[in-house]
Amino acid sequence: MNIKENDVAVSIIVTTYNQEFYVEKTLNSILDQITDFKIEIILHDDASTDDTKSILEKYYKLYPGIIVPIFRSVNIYQQGISPCVESLKIANGKYIAICEGDDYWVDNNKLQKQFDLMEKNIDLSFCCHNAQIYYVNENKTSPFNNSLPSGRYSTKDLFNKEWFIPTASLFFTKKSLSYFPEWYGEVRSQDLLTEILASLHGDFWYDSNTMSVYRKNAIGSISSLPEKPWVYLELRLV
């Protein structure tokens with residue numbers, strides 16, 4: 001698929017739930033990206049009960065040509081429906097980037113680097129990179145991955161290694177996200193399942209450079225939601 005001058009090249013999906021303390025930093029880190037292509041930001045708020053929605057509405061008024069809002073009155077995540085998958089349904093980009101509402105990017109050229117990589121390596125299904133973990137409750141940081149080298153990886157590596165891909169680093173081809181099983185929304189480790197499904201369309205590239213921050217133990221994270229019966233993804237090679 002060739003990208004015309006006025007086409008959206010990259011759709012950035014930002015899902016939020018009760019992240020009033022973090023989401024402005026998230027959005028600013030996206031809006032600060034330097035690119036030579038058009039982007040759209042799909043803001044999907046899943047019925048936040050704090051001031052998150054008001055903050056998103058403010059940004060939408062400031063950037064109506066870039067931001068596409070989805071405001072839920074009822075939380076769909078608790079119904080086993082993925083806000084990310086629902087956002088994908090209206091995404092116009094050739095590529096999909098993800099940055100949840102409590103994470104943020106720290107390299108203003110992140111999107112351009114990933115876009116250029118994918119355009120030059122059309123057999124890749126997605127690319128990703130290293131991140132810094134920020135432990136909110138302890139006010140300390142550590143690398144997400146300590147020694148994983150940059151390079152090409154495959155589905156097999158997702159089975160053989162511990163979780164090594166920060167969510168805010170993910171940059172997919174839209175065509176690699178064409179299928180999600182009906183039970184997808186019931187899986188606790190949806191990020192990993194998404195990576196596995198996408199990797200079936202081709203290898204992926206990991207960059208050891210740090211280009212995002214992953215907030216751990218943040219307000220509004222999955223762990224802050226009421227418990228529900230989860231399906232845990234068991235990974236085995238048979």
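This is a predicted model: local features need pLDDT of at least 70, side-chain atom pairs count only at pLDDT 80 or more; totals for chains, interfaces and linings use all residues.

Biologist: At what angle do the axes of α1 and α2 cross?

Modeller: Two packed helices are described by the angle between their axes and the distance between the axes. Here helix α1 (residues 23–31) and helix α2 (residues 52–62) cross at roughly 25 degrees, their axes coming within 10 Å. They are therefore roughly parallel (angles under 35 degrees). V23, E24, L27, N28 and L31 of α1 make the contact with I55, L56, K58 and Y59 of α2 (heavy atoms within 4.5 Å).

Biologist: How many residues of helix α6 are buried?

Modeller: Buried means under 20% relative accessible area. In α6 (residues 190–199), 9 of the 10 residues are buried, so the helix is largely enclosed by the rest of the structure. Those buried residues pack against β6, α5, β9 and β10.

Biologist: How are the rings of F126 and F204 arranged?

Modeller: A pair of aromatic rings is described by the distance of the centres and the angle of the planes. Rings pair if their centres lie within 6.5 Å, and planes under 30 degrees apart count as stacked. The whole structure has 14 aromatic pairs. The centres of F126 and F204 are 4.5 Å apart and their planes at 5 degrees, so this pair is stacked. F126 lies in strand β6 and F204 in strand β10, 78 residues apart. Both F126 and F204 are buried.

Terms used
Residues are numbered from 1 along each chain as its sequence is written. Side-chain values use heavy atoms; hydrogens and water are left out. Axes are lines fitted to C-alpha atoms, for helices over the stretch in contact, and angles run from 0 to 180 degrees between N-to-C directions. Helices (H or I, at least four residues) and strands (E, at least two) are DSSP runs, numbered from the N terminus. Angles under 35 degrees count as roughly parallel, over 145 as roughly antiparallel, 65 to 115 as roughly perpendicular and the rest as oblique. Buried means under 20% relative accessible area, exposed over 50%, partly exposed in between (1.4 Å probe, protein chains only). Rings of Phe, Tyr and Trp (its six-membered ring) pair if their centres lie within 6.5 Å; planes under 30 degrees apart count as stacked, over 60 as edge-to-face and the rest as tilted.
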